[in-house]
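Here are my notes for your first look at this entry. Please read them with the structure open beside you.

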Amino acid sequence: MGSQSEHHNGRLDESSEVPVDMPVIDFEKLVANNTREQELEFQILDGSLRTYGFFYLTNHTIPQDVVDEAFQWAKRFFNLPVETKEKVAHPSSGAIEDHRGWAQEGLGYVTQLVFDADEVQRLRTSIPERKETLEMGNPRPNENSPPNRNLPEEDLPGFVAFTESWWDHCTRLQHSLLGILGRVLQLRDEELLSKLQTKDVCHVSMNFYPSTPIGPLKSRQAQRLNAHTDFGGLTLLLQDMVGGLEVHDGKLFKPVIPKRGTVVCNVGDMLERQTNGRWKSALHQVVAPTVTTMQKGFEQTDSVVDRYSIVYFGIPDPDAIIETLPGCEEPGKWTPSMVGDWEKSMTSAEWLQKRLEQEY
Ligand SMILES: O=C(O)CCC(=O)C(=O)O
Ligand SMILES: [Fe+2]
């Protein structure tokens, strides 16, 4: 037990059609201070993060009309002419300070702990990813976060202002959840996770998976998004109703079916490391939606429909050393991805750089 093979002891190319059985956590119960209801919700949350590293969150603080608006902006952005999107092209560099802007199909390529450039190159050409992304950081001037690559206002009026309000909604929810996680972990300082994240260097990705023939996705000659774990702390993921997101439960990839109104929350490598493997940074990927994940209104034909997702990656401060939190000394079931042949202790920025390097 407790080896990295815990992540990999199932067949990675196998997917189940049975959705993952993870709970819908009620945010209002999480904040119902010192009640029996809260205690029970904490236990369910802890169990889900130990088993899956994922949970759904409902009754949260991002209003549904703001979520709907975010998806409208994503659609508007990706539907702009290529020449417009090219004005904010993401550099083909894996430096953290360059991780901004529009990455056209074929530029960003996700792998899981493959640090050999030749191997990444081989994968890139043999199993391409069919996605475009828009990468953004803190939309306001911040000495720790490189500025966004923003389109001229007339190209997409209102978008920059929206990125600010979206950032604020996600950051507020993120910090509420970090406080809650501190209580679930019974940290000596319950706000420690929040205090390690005061420099506001989190990251937002808008993902667009254009309509594409279903055959190559089904035969795994192409992917929408390769299997990976997230690099950071706590991820907040909004998906549309198309489906195709899957999480590996230790044996199989299983669909994370879209549930309107929920945020999919998951543990990244740094939070896995900080909890000493109690919580799992789970492999996940995006494939062709299966019949079970196809919602009403989407027909299974010879091509899959456009899909969008919007992700807020919680990232500890760049200079924060990512190590076992006081109170988490007891080793958990999972061997953290951040334990390897590399340096004994790593900062947040070092891990981020290490994982980003091969992506662009
Ligand atoms: O599109 C999705 O549902 C997943 C996105 C994701 O896992 C990521 O951007 O890290
Ligand atoms: Fe992810």
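Which of the 13 residues around ligand 1 come nearest?

1. Start with the ligand. The residues that come nearest to ligand 1 are Tyr209, His228, His284, Arg307 and Ser309. They belong to a set of 13 residues around ligand 1. Keep in mind that this is a predicted model.

2. Next, look at the polar atoms. The side chain of Arg307 has an N or O atom 2.8 Å from an oxygen atom of ligand 1. For His284, a polar side-chain atom is 3.1 Å from an oxygen atom of ligand 1. For Asp230, a polar side-chain atom is 3.2 Å from an oxygen atom of ligand 1. On its own, ligand 1 has 300 Å² of accessible area, and the protein covers 94% of it.

3. Now the site itself. Ligand 1 takes up the space of the largest pocket. Strand 14 gives the most, with four residues.

4. What classes of residue make up the shell around ligand 1? Seven residues are nonpolar, four are polar and two are charged.

5. Finally, step back to the whole chain. The protein has ten helices and 16 strands. Along the principal axes, the C-alpha atoms fill a box of roughly 50 × 45 × 45 Å.

Methods. Residues are numbered from 1 along each chain as its sequence is written. Chains are lettered from A and ligands numbered from 1 in the order in which they are written. This is a predicted model: local features need pLDDT of at least 70, side-chain atom pairs count only at pLDDT 80 or more; totals for chains, interfaces and linings use all residues. Side-chain values use heavy atoms; hydrogens and water are left out. A residue is near a molecule or strand if one of its heavy atoms lies within 4 Å of it. A polar contact is a pair of N or O atoms within 3.5 Å; within protein, one must be able to donate a hydrogen and the other to accept it, and residues adjacent in sequence count only if both atoms are side-chain atoms. Accessible areas come from the Shrake-Rupley method with a 1.4 Å probe; for residues, only the protein chains shown count as cover. On a 1 Å grid over the protein atoms alone, a cavity is a set of points where a 1.4 Å probe fits but cannot get out, and a pocket is an open set with protein on both sides within 12 Å along at least five of seven lines; lining residues have an atom within 4 Å of a point. A molecule sits in a cavity or pocket if more than half of its atoms lie within 2 Å of its grid points. Helices (H or I, at least four residues) and strands (E, at least two) are DSSP runs, numbered from the N terminus. Ala, Val, Leu, Ile, Met, Phe, Trp, Tyr, Cys and Pro count as nonpolar, Asp, Glu, Lys and Arg as charged, and the others, Gly among them, as polar.
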